[in-house]
Amino acid sequence: MAHMNRTGNDYLADFVSLKEITGIVKQVNELWKKEDYSIGLFGKIAYDVLKKSELHKEKLIENVLKKTAQAKLLPPQLSMERNFGYPPITLYAGDKFIIDIYFWVDPHTAVHNHSFTGAWVLLQGASLHNKFTFKAGSTYGGISTGKLSLESSELIKNGDINIIKPDSELIHQVWHLSCPSVSLVIRTAINSKLRIYFPNLEVLSPEYLSKTTIKKVHLMQFLAESAHPLEKSFIANSLKNSDDFNSFWLLHKYFGFTKNISKIHEIIKLSGQNYPWQADLIELFQSSHQVNLDLRSIRDEGARLFCALLFSTLDTEQIVKIIKEYAPDRSPLETATNWIGRLEKSGLISFSQNKNIAPVLKFLHEAGKLGLHQTTQSAAVN
Ligand SMILES: [Fe+2]
């Protein structure tokens, strides 16, 4: 934390009653000092301390809320945005490491790597933890083309701890199945760059966008929302004057506002640019059109898990295995049809009107082929 003049202990004084945190800070400091503050050993130390602390059994969340409400001064906050965590709160900001707590409403994180090392614990809720690898092809500025592959997918329950390795050593996505979910991380300061992953692309995080580009994005949103006659020429002109990384996020954010692929084609043509990663970006936009489901509005844990499994590109056998693990007392198909029924009842999906529900029907079809039909599907598909 470059901007700090006070020591970690000074900040602890502000949060002094959070004994769970002071205990962790003391243990991590002692253990890490013995290892001569080796960055490579920090993740294991953070893991061991979290394991011993069993924070999910403490009243930490309640205490954090109470102490935050009472606080005159919080420790310096690592992030004032809500890009990761809703919100993230920094509980401890020392010279050597940081403790953040994250509150979650959104159903999942982006697929990302890490600019630091450490360990995290799920304090409340249940998650689906997907790990990936990325085989890079060519690199253009902050963008690489390549292929993202899902390596593993596992259920995480409260109290489970995972080590965070830096850079491409851990590329993952967490689906927060429960709403609310709360997690806590012990981490080093920033040592490298955060990257976001898509099926065929690895891109530097938008948090590195220049202030100039951020203002262009804001203007772009205004122009798009007001259907301003200068909308297309403004964006085309911005692309002409940006590098690959800034152009990628300009286009990505523009698509987020408009959901209009033909406008994207038109604007790129108008700009005279021909990006080597263009086809992958368009494919990404096209695939986001295929499933029309507002995941954020799903608050039901089972329904979220079902969506998480379908969106995680797992094959049916893997999906069935995880559903069995989640609900061991029922047949996986009974569990899944129950979730789909709840999704339909809530009005979030409709089989008669929504043509984009192919993955769900495919699952039911394939589950049938695997001989898993043990109960009626009527609850879900009527
Ligand atoms: Fe992460």
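This is a predicted model: local features need pLDDT of at least 70, side-chain atom pairs count only at pLDDT 80 or more; totals for chains, interfaces and linings use all residues.
Ala227 is exposed, with 7 other C-beta atoms within 10 Å. Residues are numbered from 1 along each chain as its sequence is written.

**The chain as a whole**
- The secondary structure comes to 14 helices and 11 strands; these are DSSP runs numbered from the N terminus, with helices (H or I) of at least four residues and strands (E) of at least two.
- Of the chain's 382 residues, 35% count as buried.
- Take the contacts in the chain with a separation of 6 or more: residues 24 or more positions apart account for 76% of them. Two residues are in contact if their C-beta atoms, placed from the backbone, lie within 7 Å.

- Most residues other than glycine have a negative phi, and most peptide bonds are trans.
- Glu54 sits in the loop between helix H3 (39-53) and H4, and counts as exposed because it has 12 C-beta neighbours inside 10 Å.
- The peptide bond from Tyr86 to Pro87 is cis, with omega near 5°; Pro87 is in the loop between helix H4 (60-70) and strand E1 (88-93).
- Another cis peptide bond joins Cys179 and Pro180, with omega about 10°. Pro180 is in the loop between strand E8 (167-176) and strand E9 (181-188).

**The barrel**
- Strands of a sheet pair through backbone hydrogen bonds, either parallel or antiparallel.
- Six strands close into a barrel here, in the order E3-E8-E5-E6-E11-E10, and the pairing is antiparallel. Two strands count as paired if DSSP finds at least two bridges between them.
- On average, neighbouring strands of this sheet are turned by 40° against each other, direction ignored. For angles like this, axes are lines fitted to C-alpha atoms (for helices, over the stretch in contact), and angles run from 0 to 180 degrees between N-to-C directions.
- Strand E5 (residues 126-140) runs antiparallel to strand E6 (residues 143-157), and 13 bridges join them. Ala126, for instance, has Lys157 in E6 as its bridge partner.
- E6 is joined to E11 by three bridges, again antiparallel, and Thr145 has Leu201 in E11 as its bridge partner.
- Strand E10 (residues 195-198) pairs with E11 in the antiparallel sense over four bridges, and the two form a hairpin with two residues between them. Tyr197 stands opposite Glu202 in E11.

**Inside the strands**
- In a regular strand the side chains alternate between the two faces of the sheet.
- Strand E11 (residues 201-204) is covered on both faces: Leu201 and Val203 on one side, and Glu202 and Leu204 on the other, are all buried.
- Ile156 is found in strand E6 and is buried, with 22 other C-beta atoms within 10 Å.
- Leaving out residues up to four places away in sequence, Ile156 touches Leu122, Ala126, Ser127 and His129. Ile156 and His129 are 27 residues apart in sequence, but 6.7 Å apart in space, C-alpha to C-alpha.

**Helix packing**
- Helix H5 (residues 211-225) and helix H7 (residues 244-258) pack at an angle of about 30°, with their axes 10 Å apart. That makes H5 roughly parallel to H7; the cut-offs are under 35 degrees for roughly parallel, over 145 for roughly antiparallel, 65 to 115 for roughly perpendicular, and oblique for the rest.
- By class, the contact of H5 with H7 has six nonpolar, four polar and three charged residues. Ala, Val, Leu, Ile, Met, Phe, Trp, Tyr, Cys and Pro count as nonpolar, Asp, Glu, Lys and Arg as charged, and the others, Gly among them, as polar.
- The axes of helix H6 (residues 231-240) and helix H8 (residues 261-271) come within 8 Å and cross at roughly 55°, which makes H6 oblique to H8.
- Where H6 meets H8, the residues in contact divide into five nonpolar, two polar and three charged; among them are Ile235 and Leu239 in H6, and Ile267 and Leu270 in H8.

Methods: A residue is buried if 20 or more other C-beta atoms lie within 10 Å of its own, exposed if 12 or fewer, and partly exposed in between; C-beta atoms are placed from the backbone.
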